[in-house]
Amino acid sequence: MSIWIIIGAIAVGLVTGTITSLIGASGVIIVVPALTLFFAVNSHLAIRTSLLVDVITSLVVAISYFRHGNVRLQASLWITIGSII
């Protein structure tokens, strides 16, 4: 992987983080088009990559909120069970 691809990926991440934090949307709206247009990635691979990024980011944010006491754990678990079903 070349240094320019790494720099480009970090730039996409910074733009994605900035925009999605301002509007509260998922990073999919930025990551998928960026990967397909700028990095010539297959759309299916771009979607899967974006979903993994969303999972990792959400997990890190959830842990941070939990540490600060801003999570209702029991409600979160019931919502998770409902989502899985």
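How much accessible surface does the chain have, and what share of it belongs to carbon and sulfur atoms? The accessible surface comes to about 6,800 Å², of which 74% belongs to carbon and sulfur atoms, as computed by the Shrake-Rupley method with a 1.4 Å probe.

This is a predicted model, in which local features need pLDDT of at least 70 and side-chain atom pairs count only at pLDDT 80 or more, whereas totals for chains, interfaces and linings use all residues. Residues are numbered from 1 along each chain as its sequence is written, and side-chain values use heavy atoms, with hydrogens and water left out.

The chain holds four helices and zero strands, where a helix is a DSSP run (H or I) of at least four residues and a strand a run (E) of at least two, numbered from the N terminus. The radius of gyration, taken over C-alpha atoms, is 15 Å, well over the 12 Å that the globule rule gives for 85 residues, so the chain is more spread out than a compact globule. That rule is 2.2 Å times the number of residues to the power 0.38. Buried residues (under 20% relative accessible area, 1.4 Å probe, protein chains only) make up 15% of the 85 residues.

| Helix | Residues |
|---|---|
| Helix 2 | 28-38 |
| Helix 3 | 43-67 |

Helix 2 and helix 3 pack at an angle of about 140°, with their axes 9 Å apart; the axes are lines fitted to C-alpha atoms over the stretch in contact, and angles run from 0 to 180 degrees between N-to-C directions. Contact (heavy atoms within 4.5 Å) involves residues including Val 31 and Leu 35 of helix 2 and Ala 46 and Ile 47 of helix 3.

How values were computed: Buried < 20%, exposed > 50% of the residue type's maximum accessible area, 1.4 Å probe, protein only.
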